[in-house]
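The structure comes first, then the notes.

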Amino acid sequence: MAPHTPTLLEPHTPPSLRTEPHVIVRGEGITVWDSDGNSYLDGTSGMLCTNLGYSQPRLVRAAARQMARLPFFATFAHRTNDVTSALAEDLARLSPIPMGRTFFANSGSEANDSAFKLAWYYHRCLGRRGRTKIISQKGGYHGTTTAAGSATGLEPIHRGFGLPLPSFLKVPCPDPRAPQAQGMTEERYVDHLIARLEQLVAAEGADTIAAFIAEPILGAGGVIIPPPGYYPRVQEVLARHDILFIADEVVTGFGRTGAMFATTEFGLSPDLITLAKGLSSAYAPISAVMVGQRVMDTIAEGSKSIGAFGHGFTYSGHPVAAAVARETLAVLADEGIPAHVRDTAPRLMKCLDVFRGAEAVRDVRGYGFLAAVTFAAGLRGRREGDMGADVMARAVDNGLLLRAVGDTVAFAPPLVSTAEEVEVMVNLFEKSYRSVLAEPRSVYR
């Protein structure tokens, strides 16, 4: 076969590749089909985003109606469109925090970039010109734009780009499986993590720090569920120094944990919440920053002297995306999707629990429709990361799409998946896992 000559620069893909990409051409329910007619159960909701599955008719009709009525009108200079205003009102009613206003963007990265700028603007409004630094966690994922990529705590996102920028600081990943946590009680491990945060704030100076950003559950970093006492203690530190707390709910928002927002599920009190993915079930690009009342009040007052908030995108609040998002929120409510996840998630974990203590398995964990199996590194001559990649590749052969993060294989089924479909996914995963165990070495060598 002649080498493929690519014309598409693919995200998160080595540009040196000259093989044909795997092309998906159709989707229905929780199943997608490729250009060769092969079908796959989508075990990761696309990119943890197609929460309502594929070809949801209500979302398709909402997009078509809006496209015919008003395909575009911007939201700049105190002129907007009706559907975007209505979506902001919908989110205000659903908000888990005392609400100010919602700013719309197009991706999770843009939402997080916007949240940083809002934090900087907030502190400028209070005369704190030196508050420019952003704290995030090692292992956290907040996007790949220059600022969001700097906040992301994964080295491959930085490699080759000169990132992170100097004003972005990192604290340890709150991973209960981390080497530092071994031999500690949960309480002592939280003490250790909070001490590291306190040390960083003291070393840098609280008067230089604008905000702290974190995911309630770290998704792309490997489905890391922080210990229960961690975020309440973090919030105590932040409140003491008036460092804003940005909750990145790009993955966890809109039902994935069994609640509309993980902020509610875990009792968090952020100042800003960033949203994307599930806001439109990925049917149209849209993201949002929910700005809490305290922050918004300060910004509104401070803008009288600073001037207009000079930030926004041509497609901020795009009416077609907003119409799809409004219908997504309606489907989530009408069909009781968060409750369905809460009811069905125990089946997912019961199926995965059989892997606890299995050969090569280091850990099994999950919350709602987010779960992971982590393999021990170095099995039978494999390099670190090989086991996860091998199992993911075998799963594709068996008609299942999963995601590998190093030696962790992640599950994030569409939120409409039935208990029976979840069980089929885990059965296909087990078949793939056992096939890889039978291989003496990595299939990539």
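Which residues of the largest nonpolar core touch the most other members? They are Leu 91, Leu 352, Phe 375, Met 387 and Phe 429, in a core of 61 residues. The model is predicted, so local features need pLDDT of at least 70 and side-chain atom pairs count only at pLDDT 80 or more, while totals for chains, interfaces and linings use all residues. Residues are numbered from 1 along each chain as its sequence is written, and side-chain values use heavy atoms, with hydrogens and water left out.

**Cores**
- A nonpolar core is a set of buried Ala, Val, Leu, Ile, Met, Phe, Trp, Tyr and Cys residues joined through side-chain atoms within 4.5 Å; buried means under 20% relative accessible area (1.4 Å probe, protein chains only).
- Leaving aside residues up to four places away in sequence, Met 387 touches Ala 360, Phe 375, Leu 379, Arg 382, Asp 407, Tyr 433, Val 436 and Leu 437 (contact: heavy atoms within 4.5 Å).
- A second, separate core has 27 residues, including Ala 181, Tyr 189, Leu 193 and Leu 268.

**Ser 114**
- Ser 114 sits in helix H4 (helices are DSSP runs of H or I, at least four residues, numbered from the N terminus).
- Ser 114 is buried, its relative accessible area being 0%.
- Its contacts, not counting residues up to four places away in sequence, are Phe 103, Val 289, His 311 and Phe 313.

Technical notes: Buried means under 20% relative accessible area, exposed over 50%, partly exposed in between (1.4 Å probe, protein chains only). Helices (H or I, at least four residues) and strands (E, at least two) are DSSP runs, numbered from the N terminus.
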